[in-house]
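Please examine the model shown below before reading on.

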There are 2 protein chains.
Amino acid sequence: MSQDERSAGDLRNTGLSLRHDRTWDYELERIVEAVEERDAEKVGMQFPEGLKRRAPHVADDLRELLPDGVRVMISGKPCYGACDLDTYMMRRTDVFVHFGHSPMKDSEKIIYVPLFSNVEVTPIMEDATEELETGDVGLVTTAQHMNKFEEMREWLEERGFTVHTRRGDERLTNEGQVLGCNYASADIDADQVLYVGGGKFHPVGLAMEHPEKNVVIADPVNNVVTIADHEQFMKQRYASVHKAMDAEKWGVIFCTKIGQGRWEQANEIVENNDDAYLITMDEVTPDRLRNFDMDAFVNTGCPRITTDDGPQFHKPMLTPGEYECAVGNKPLDEMEFDTFHGTW
Amino acid sequence: MSQDERSAGDLRNTGLSLRHDRTWDYELERIVEAVEERDAEKVGMQFPEGLKRRAPHVADDLRELLPDGVRVMISGKPCYGACDLDTYMMRRTDVFVHFGHSPMKDSEKIIYVPLFSNVEVTPIMEDATEELETGDVGLVTTAQHMNKFEEMREWLEERGFTVHTRRGDERLTNEGQVLGCNYASADIDADQVLYVGGGKFHPVGLAMEHPEKNVVIADPVNNVVTIADHEQFMKQRYASVHKAMDAEKWGVIFCTKIGQGRWEQANEIVENNDDAYLITMDEVTPDRLRNFDMDAFVNTGCPRITTDDGPQFHKPMLTPGEYECAVGNKPLDEMEFDTFHGTW
């Protein structure tokens, strides 16, 4: 991940955290109700990176509303999506609140507060139509703007577009929603897709997954329209695969985060390659892998760590599909963008 | 922690990992026996940072000895001591092997392989005697050199010293052993202590805990004798406390690592200070805390994170005792080095 492109749910560089601080609805009344219902003594709160700085204020507001003696605590672990629940905190609190992402899997224990943005989307969509051909267009957005999805659709239809949307798979809560690891909602019958949302993280993934489509980005937060360009990323991917072709020792990473584990896939690689070693970990960072004497790594956890952070690792870091190309099980031209399906 | 001084069990900078690679006894036969006894399908291995690069070789050697189909996996999480077990891996494997540290708490599930060094200790002790006064001397060492402890004691006694040793408390496995967070074995009736071991990490902690004693370091790995100097560290500590005195928002860290949690202590602070917020996390790093809008932090986890990494955090990071001084509950001259007692 470069400094500009962090990860799903990390709002640090999208401007969201800076411009709309006071506009988030933390749904404190829903939390208070759950505390009363469950007679809770401990409330845990988990925020994405870009909203962690709001945590003490939310804690203050919540403590004002809660009965005396209820302990409020904040997760200090990094959090990059609904796949990334702080399970330690979840097990040890009576009410566990996950802010900033839509549910990946419903649970009675967890309160998901999606934090919808109230930024207007139609002004930048107006600019974006200049980059679109008339006719069929796919429409996708992120969790933060889901509250405006029907407004977006109607706005496009009023201007004569035939709007294609779908829900994707069970990893996605909503029609038209994309995640950094899942673009199934863009599997629609149109050669162009309009992405409405902040940053370039999601649309670049979308363009890598659907290289045949023109992906137009209408960014209502930074107020710019751009076309998603995945070529630079693909060059990096090919370079990594070529470098890994000589590897004599492979580190195969199984991610222990609740929504990022692909155990079967990790095991299959290790079972079929005597030079592969299974490494289990939660956060997959360059620092943590530097001490291992491996020639290359395969990451079966979050695909965006591989594609976006890839160049920062000391040895080539591949997706499972890229690994198959590097060891010769598949031809290079069958290399695909890695996505994540299902829940856990 | 500076680059030179990492943490207990991190052998990266002590030279141990470089010079004695082939000399460690990984006790593979003990692991194989346990696998057979338990009819194990999964074996998990956890190495300190400085030995992670040996992990694939140990895995190779072990797989040679194990029945087909037994899955060997390696923990990719950082590991800084026996306090820092990979509990995820421990729960999900049939045999869990923790290398490089002596047991903090016995468990049937865990196989501890201490990895004793075979480096000679008496040549550098010879040099060290020039820095010692005749008469009473305390003797301490680390887990890696415990196998030579009786040899050290006899060698000193033969030269006329009266050697004082003790076991410390239940956090320590052996007589004379010190940890980065526990120097109870140096609570002996002598004004000078001889520390035999690599690096400066342990002896500096020892000197901070026992500022009244002269701590002589006999380092058999780097082959040097020095006197532990804690003054620079103490200046940093006072500077951090002074900076924190103006704090309006305190982040109070509860560490979720199995052997580093001080729940009562963290809660007591939060209960008595409306401006304190409880933050739970495993690895306590500058990166993870940068996003929180706090003016100062109190770390109830590993004391060495506070003292050694302290200057790398963006806001003052204090031990619980230092916090008491910063908020005026205690006078500054009662500031003490933070240590850790008991197991979990």
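Buried area is the accessible area, found with a 1.4 Å probe, that two parts lose on being put together, summed over both. Between chain B and chain A it comes to about 3,600 Å², and carbon and sulfur atoms give 54% of this area. This is a predicted model, in which local features need pLDDT of at least 70 and side-chain atom pairs count only at pLDDT 80 or more, while totals for chains, interfaces and linings use all residues. Residues are numbered from 1 along each chain as its sequence is written, chains are lettered from A in the order in which they are written, and side-chain values use heavy atoms, without hydrogens and water.

Each chain brings 44 residues to the contact, where contact means heavy atoms within 4.5 Å. There are 4 salt bridges between chain B and chain A; a salt bridge is a side-chain nitrogen of Lys or Arg within 4 Å of a carboxyl oxygen of Asp or Glu. A:Asp282 and B:Lys77 form a salt bridge through their side chains (3.6 Å, N to O).

Within chain A, consider helix 8, residues 231-244; helices are DSSP runs (H or I, at least four residues), numbered from the N terminus. Its residues A:Phe233, A:Met234, A:Arg237, A:Ser240, A:Val241 and A:Ala244 are buried, meaning under 20% relative accessible area, with exposed over 50% and partly exposed in between (1.4 Å probe, protein chains only). These residues lie on the same side of helix 8 of chain A, because they cover an arc of only 120° around the axis, taken from the directions from the helix axis to the C-beta atoms. On the other side, A:Glu231, A:Gln232, A:Lys235 and A:Lys243 are exposed.

Definitions and conventions
Helices (H or I, at least four residues) and strands (E, at least two) are DSSP runs, numbered from the N terminus. The expected span of a helix is 1.5 Å times one less than its number of residues.
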